[in-house]
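Hello,

The structure we discussed is below, with notes after it. Please look it over before you set anything up.

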Amino acid sequence: MDFLLDPLQYDFIVRALLAAGIVGVVCSILGVYIVLRGMAFLGDAMAHTILPGVVAAFLLGWPLAVGALIMGVLTALGIGVLTERTALKEDTAIGVIFAGLFALGVAMLSLRGNYSIDLAHFLFGNLLGVSSGDLLLTAVLGVVVLVLIFLFYKEFLVISFDPVLAETLRLPTRFLNYLLLILIAVTIVVALQVVGVALMLAILVTPAATASFVTRRLPSMMIVSAVIGVFSGVVGVYASYYLNIPSGPAVVLTATLIFLLGLAVAAGRNRRGALETSAPEAA
Amino acid sequence: MKATIMRDTQAAPAHGVAHEPGAPTLELDNVWVSYNGKLSSGNGGASHALEAVTFRVERGERVAVVGPNGAGKSTLFKLIVGTLRPDRGRVSIFGHGPDGHICIAYVPQRNQVDWNFPVTVEDVVMMGRVGQIGLLRRPGKSDWGIVRSALGRVGAANLAHKRIGELSGGQQQRVFLARALAQEAELVLLDEPLNGLDTPTQEAIIAILDDLRRDGVTVLLATHDLDLAAERFDRIMLLNRRVIAFEPPATALRADNLLRAYGGHLHHVDGSGAMIVADDCFDN
């Protein structure tokens with residue numbers, strides 16, 4: 001019990017736990033769409049492209065989230081326009097923007113003296129440095145993302161499962177696609193301090209991928225994914241505290257272990273299922 | 001169906017554009033579509049996917065759209081659904097362009113659906129209601145009622161809670177037809193829905209189309225199966241970038257028409273089955 005309660009005497013740990021919990025819910029629920037729509041590469045790219053925005057805010061002394069948010073929304077729109085208007089394949093367009101902007105961010109950061117520590121924080125998260133202002137912003141943005149996912153639930157379901165149906169039902173498909181990109185950008189901003197740029201993709205896709213093993217419908221996939229996300233976040237914070245490893249890797253490693261567990265359970269069930277269905281045929 | 005009656009009495013439907021009284025269900029007038037300005041190698045150097053396509057389909061008709069691969073069947077369906085615009089000419093559905101209509105249902109080819117998607121059969125059928133329900137609203141009791149009765153009509157009520165990945169080929173087609181019913185579609189396009197189904201299953205799907213016809217639902221179905229097209233459809237559209245023939249089966253499948261539709265493209269015909277069918281028809 002002391003093992004769990006001990007760290008709670010520090011305010012920064014409490015804030016870190018709250019931030020990890022919020023991030024766990026928001027990332028894992030939005031991550032369900034990223035997994036189902038095959039947008040993992042896009043999510044990874046968007047996490048990297050916000051770096052120059054974050055660094056600019058950092059150098060100017062603004063809240064980091066402001067720079068990240070501006071850059072994230074610009075990237076979402078930029079990728080949308082590039083793939084709509086040019087003959088480039090989507091992954092090529094994304095790759096070009098992704099690498100270019102990430103390089104710009106690193107170059108900007110290197111202008112500062114203690115470059116390697118700052119870079120490590122941006123790349124791998126600095127959960128234990130979450131201020132109460134950061135926490136408030138994380139909570140507000142997280143709630144906005146969840147409310148929008150809830151409000152547009154059935155439309156996002158249709159554009160994800162059957163884009164042609166979305167067209168024939170005359171849904172505002174362009175608006176919905178851009179909205180989803182912007183929600184991904186905002187979610188990345190929310191998760192920036194917890195996991196950092198380099199590991200962002202894991203917190204977006206790993207809980208959702210795990211949930212896909214054990215669920216049959218989208219709402220239950222979202223709930224299971226959120227539970228895994230929160231659990232990974234909280235365990236990650238404790239691991240970070242006791243093992244003295246950065247928060248990002250701690251959270252991601254926890255999520256990955258749960259994924260492997262889920263994989264084993266699913267494999268076992270499939271084998272049993274195969275035996276059960278083959279048994280009557282053999283009889 | 002209630003919505004059909006409402007539209008026929010000229011009252012504007014709650015969503016989507018009104019239907020012009022007396023206008024044909026579907027009318028294409030001199031429609032041209034280019035290949036995005038590109039000359040693709042698979043079409044013999046032709047610059048158009050569709051050329052000068054003109055035809056009319058009346059309410060409740062059942063039309064088989066037949067032609068070699070690359071003949072423009074999918075392009076034609078995209079035009080009618082409204083996801084593609086013609087370079088020239090006009091597409092009208094009940095007297096208006098496709099844009100405002102939510103009464104057009106498209107049943108995709110089976111390989112275009114992600115069968116691992118975490119949705120149940122009733123979730124998929126409910127998707128057909130999303131247009132009528134409207135933004136920011138949840139499905140109500142009446143929507144669930146419509147979904148259940150749609151599943152009942154296609155004989156799939158017992159599948160409601162199955163995950164779509166667990167369905168057989170025939171069940172998959174039933175579910176997508178139920179979705180078209182839930183959408184209250186008056187024009188249903190099916191893209192090769194019968195491929196790979198055994199004969200009894202094909203017959204069961206055709207029986208559902210018979211049921212739709214009683215409600216005045218118009219059906220366009222793309223197929224490679226000339227026998228089926230000849231036996232179970234009111235008219236056959238032979239398509240090869242142009243409309244070669246659009247007539248009742250007896251005249252549409254004359255040898256000269258088939259030669260013009262398939263002649264230079266025999267290597268495009270899928271599988272030996274389709275070739276044998278074509279040979280039978282040449283003997284007539």
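Helix H7 of chain B

The buried residues of H7(B) (buried: under 20% relative accessible area, 1.4 Å probe, protein chains only) are covered by elements of chain B that include strand E3 (62-66), helix H5 (141-153), helix H6 (169-182), strand E6 (187-191), strand E7 (218-222) and helix H8 (226-232). This is a predicted model, in which local features need pLDDT of at least 70 and side-chain atom pairs count only at pLDDT 80 or more, while totals for chains, interfaces and linings use all residues. Residues are numbered from 1 along each chain as its sequence is written, chains are lettered from A and ligands numbered from 1 in the order written, and side-chain values use heavy atoms, without hydrogens and water.

Among the buried residues of H7(B) are Gln202(B), Ile205(B) and Asp211(B). Just after H7(B), Gly216(B) has a positive phi of about 80°.

Interface of chains A and B

Contact (heavy atoms within 4.5 Å) joins 25 residues of chain A to 37 residues of chain B. The buried area (accessible area lost on being put together, 1.4 Å probe, summed over both parts) is about 2700 Å², with 64% from carbon and sulfur atoms. In chain A, Phe161(A), Arg170(A) and Arg216(A) lose the most area to chain B, together 30% of what that side buries.

There are three salt bridges between the chains (side-chain nitrogen of Lys or Arg within 4 Å of a carboxyl oxygen of Asp or Glu). A salt bridge links Asp123(B) and Arg217(A), at 2.5 Å from N to O.

Regards

Terms used
Buried area = accessible area lost by both parts, 1.4 Å probe. Buried < 20%, exposed > 50% of the residue type's maximum accessible area, 1.4 Å probe, protein only. Helix = DSSP H or I, 4+ residues; strand = E, 2+ residues; numbered from the N terminus.
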